Amino acid sequence: MQTRFGPVQVQITVANGKITDITALQLTNTDDKSIQISNRAAPLLRSKVLAAQSADVQTVSGATITSDAYLTSVQAAIDAAHL
């Protein structure tokens, strides 16, 4: 996902039909503030997605653009994995 603050791309790991891990390959990084937001939001989003086993989770307050891009990337990975 391309955002105005840089690209966001995640990779999921699947075992036995469940998401077991999510790795952020790229996070927003156009300036120090976007890097701080990404570093704060990514672990929270990872935890939410792993718990829900879905990209249908709430965004992180103050990180809406990063959250939306992260969750869109997660959903694309879920679709590609046919989950």
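**Exercise 1. Work out what the side chain of Thr 3 reaches, and whether Thr 3 is buried or exposed.**

Step 1. Start with the backbone oxygen of Gly 6: in this predicted model, the side chain of Thr 3 gets to it at 2.6 Å.

Step 2. Now look for a backbone nitrogen. That of Phe 5 is reached by the Thr 3 side chain at 3.0 Å.

Step 3. Thr 3 belongs to strand 1, which covers residues 2-3.

Step 4. Check the cover. The cut-off for buried is under 20% relative accessible area, and Thr 3 has 12% relative accessibility, so it counts as buried.

Step 5. Find out who is around. Skipping neighbours within four places in sequence, Thr 3 has contacts with Val 8, Thr 28, Ile 65 and Ala 69.

**Exercise 2. Thr 28 turned up in that contact list. Describe where Thr 28 sits and which side chains it makes polar contacts with.**

Step 1. Locate it: Thr 28 is in the loop that runs between strand 4 and helix 1.

Step 2. Thr 28 counts as buried because its relative accessibility is 2%.

Step 3. List what it touches beyond four places in sequence. Among them are Phe 5, Pro 7, Val 8, Ser 34 and Ile 35.

Step 4. Pick out the polar contacts between side chains. Thr 28 has one with Ser 38 at 2.3 Å, and another with Thr 66 at 3.3 Å.

Step 5. Compare sequence and space. Gln 2 is 26 residues away from Thr 28 along the chain, yet their C-alpha atoms are 8.8 Å apart.

**Exercise 3. Describe how strand 3 and strand 4 are put together.**

Step 1. Get the ranges: strand 3 spans residues 9-15 and strand 4 spans residues 18-26.

Step 2. Get the direction. The two pair in the antiparallel sense, over 7 bridges.

Step 3. Look at the turn. This hairpin has 2 residues between its strands, and Asn 16 adopts a positive phi near 55° there.

**Exercise 4. Find the largest nonpolar core and say which elements build it.**

Step 1. Size it up: this core holds 22 residues. Those with the most contacts inside it are Ile 19, Ile 22, Val 49, Tyr 70 and Val 74.

Step 2. Trace the contributors. Strand 3, strand 4, helix 1 (32-52) and helix 2 (64-80) each give two or more residues to the core.

Step 3. Zoom in on Ile 19. Leaving out residues within four places in sequence, its contacts include Ile 12, Val 49, Leu 50, Ile 78 and Leu 83.

Step 4. In soluble globular proteins, nonpolar side chains tend to be buried together.

Step 5. Ser 67 is in helix 2, and it counts as buried because its relative accessibility is 0%. Its contacts beyond four places in sequence are Leu 45, Thr 59 and Val 60.

**Exercise 5. Sum up the whole chain, and explain why its radius of gyration agrees with a compact globule.**

Step 1. Count the elements: 2 helices and 4 strands, in the order β-β-β-β-α-α along the sequence.

Step 2. Do the globule check. For 83 residues a compact globule would have a radius of gyration near 12 Å, and the chain has 12 Å, so the two agree.

Step 3. Box it. Along the principal axes, the C-alpha atoms fill roughly 40 × 20 × 15 Å.

Step 4. Finish with burial and surface. Of the 83 residues, 36% count as buried. The chain exposes about 4,800 Å², with 50% of that supplied by carbon and sulfur atoms.

Notes. Residues are numbered from 1 along each chain as its sequence is written. This is a predicted model: local features need pLDDT of at least 70, side-chain atom pairs count only at pLDDT 80 or more; totals for chains, interfaces and linings use all residues. Side-chain values use heavy atoms; hydrogens and water are left out. Two strands pair if DSSP finds at least two bridges between them. Buried means under 20% relative accessible area, exposed over 50%, partly exposed in between (1.4 Å probe, protein chains only). A polar contact is a pair of N or O atoms within 3.5 Å; within protein, one must be able to donate a hydrogen and the other to accept it, and residues adjacent in sequence count only if both atoms are side-chain atoms. Contact means heavy atoms within 4.5 Å. A nonpolar core is a set of buried Ala, Val, Leu, Ile, Met, Phe, Trp, Tyr and Cys residues joined through side-chain atoms within 4.5 Å. The radius of gyration is taken over C-alpha atoms; the globule rule is 2.2 Å times the number of residues to the power 0.38. Accessible areas come from the Shrake-Rupley method with a 1.4 Å probe; for residues, only the protein chains shown count as cover.
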